[in-house]
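Keep the 3D view open and look up each residue as you go.

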Amino acid sequence: MTQCSIVHLGHPALRTPAAPIEKDRLADPELQALIDAMLEAMLEAGGVGLAAPQLGINEQLFVYVEVDPEGEDQSETETRTLINPALEPLSGEMVYEWEGCLSVPELRGLVPRHPAVRVHALDRHGQPLSFRAEGYQARIVQHEYDHLNGVVFLDRMRDLRSLSFREEWEEYMTTKDDTNDDHAD
Ligand code: NI
């Protein structure tokens, strides 16, 4: 698969639980090519995460950008690929932040997420991963993980009144300082 076309809300793949990927298949060049195509599609669309169901593929796989808000050097984009992920929420009060989604174009909404999660998954070479994600990275991981369960950010909103189109969101919902928080997953 060399071409990646992102599907939008209404496509059944976005509402279908994804199947686990057998470890042996990670040696399959086609699956590796799919991962490369997903990374490319995500970066090209200006997204910070992309899950396989967003390409109409119901498999437990997503890619995302490792965001380091404290990082000095933003020129290098670090990405991560997770296969068959499982999330364990860590204690702490839910945090509300703005989210968007490449499959729900133009909309932004305030979504509660766990402030930190422990992630268990395989990397693209089948090596087991276990790490703690916090803050914005934890948010991205929870958003993408939801896609593997047929859940989109709208389902997680507790109050739809914050739902905004991007143009209006930029005009009325943000301050000049945080317009660079405009990311879509
Ligand atoms: Ni999304």
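Arg124 and Asp36 form a salt bridge, and their closest N and O atoms are 2.9 Å apart. This is a predicted model, so treat each value as computed from predicted positions. Arg124 sits in the loop between β6 and β7 while Asp36 belongs to helix α1, so the bridge ties together parts that are 88 residues apart in sequence. As a general idea, side chains of opposite charge can pair when their charged atoms come close.

Are the two partners buried or exposed? Arg124 has a relative accessible area of 17%, so this residue counts as buried, given that buried means under 20%. Asp36 has a relative accessible area of 40% and is partly exposed.

## More bridges across the chain

How many salt bridges are there by the rule used here? The count comes to 11. One of them is the pair Asp155 and Arg15, whose side chains meet with an N to O distance of 2.6 Å. Asp155 lies in helix α3 (residues 153-156) and Arg15 in the segment before α1, and the two are 140 residues apart, so this bridge links distant parts of the chain. Asp155 is partly exposed at 41% relative accessibility, and Arg15 is partly exposed at 41% as well.

Another bridge joins Arg166 to Glu106, with the closest N and O atoms 3.3 Å apart. Here helix α4, which holds Arg166, is linked to strand β5, which holds Glu106, across 60 residues of the chain. Arg166 is partly exposed, with 30% relative accessibility. Salt bridges can also join into a network: Glu99, Arg113, Arg139, Asp146 and Arg156 are linked in this way.

Glu106 is partly exposed at 39% relative accessibility.

Asn84 is another such residue, with a positive phi near 50 degrees. Asn84 is found in strand β3, and with 22% relative accessibility this residue is partly exposed. To put these angles in context, most residues other than glycine have a negative phi.

## The overall layout

Now step back to the whole chain. The secondary structure comes to 4 helices and 8 strands. Starting at the N terminus, the elements run α-β-β-β-β-β-β-β-α-α-β-α. What share of the 185 residues counts as buried? The value is 46%.

## The nonpolar core

The largest nonpolar core has 36 residues. Which residues have the most contacts inside this core? They are Met38, Leu50, Leu61, Leu82 and Val119. Several elements each supply at least two residues of the core: the helices α1 (29-44) and α2 (135-147), along with the strands β1 (49-51), β2 (61-65), β3 (79-89), β6 (116-122) and β7 (128-134). Helix α1 gives the most, with 7 residues.

In soluble globular proteins, nonpolar side chains tend to be buried together.

## A buried glycine in the loop

Return to the loop between β6 and β7, where Gly126 is found. Is Gly126 buried or exposed? At 3% relative accessibility, Gly126 counts as buried. Gly126 and Asp24 are 102 residues apart in sequence, yet their C-alpha atoms are 8.2 Å apart in space.

## A patch of negative charge

Finish at the surface, where Glu167, Glu168, Glu170 and Glu171 gather in a patch of negative charge. Glu168 is found in helix α4, which covers residues 166-173. Glu168 is partly exposed, with a relative accessible area of 41%. Helix α4 also holds Arg166, the residue that forms a salt bridge with Glu106.

Conventions. Residues numbered from 1 in each chain as written. Predicted model: local features only at pLDDT ≥ 70, side-chain atom pairs only at ≥ 80, totals over all residues. Heavy atoms only, no water. Patch = residues over 30% accessible without salt bridge, like charges linked within 9 Å, V, L, I, M, F, W, Y side chains within 5 Å. Areas by Shrake-Rupley, 256 points an atom, 1.4 Å probe, with all protein chains shown as cover. Salt bridge = Lys/Arg side-chain N within 4 Å of Asp/Glu carboxyl O. Lys, Arg positive; Asp, Glu negative; His and termini not counted. Charge placed at Lys NZ, Arg CZ, Asp CG, Glu CD. Buried < 20%, exposed > 50% of the residue type's maximum accessible area, 1.4 Å probe, protein only. Core = buried A, V, L, I, M, F, W, Y, C linked by side-chain atoms within 4.5 Å.
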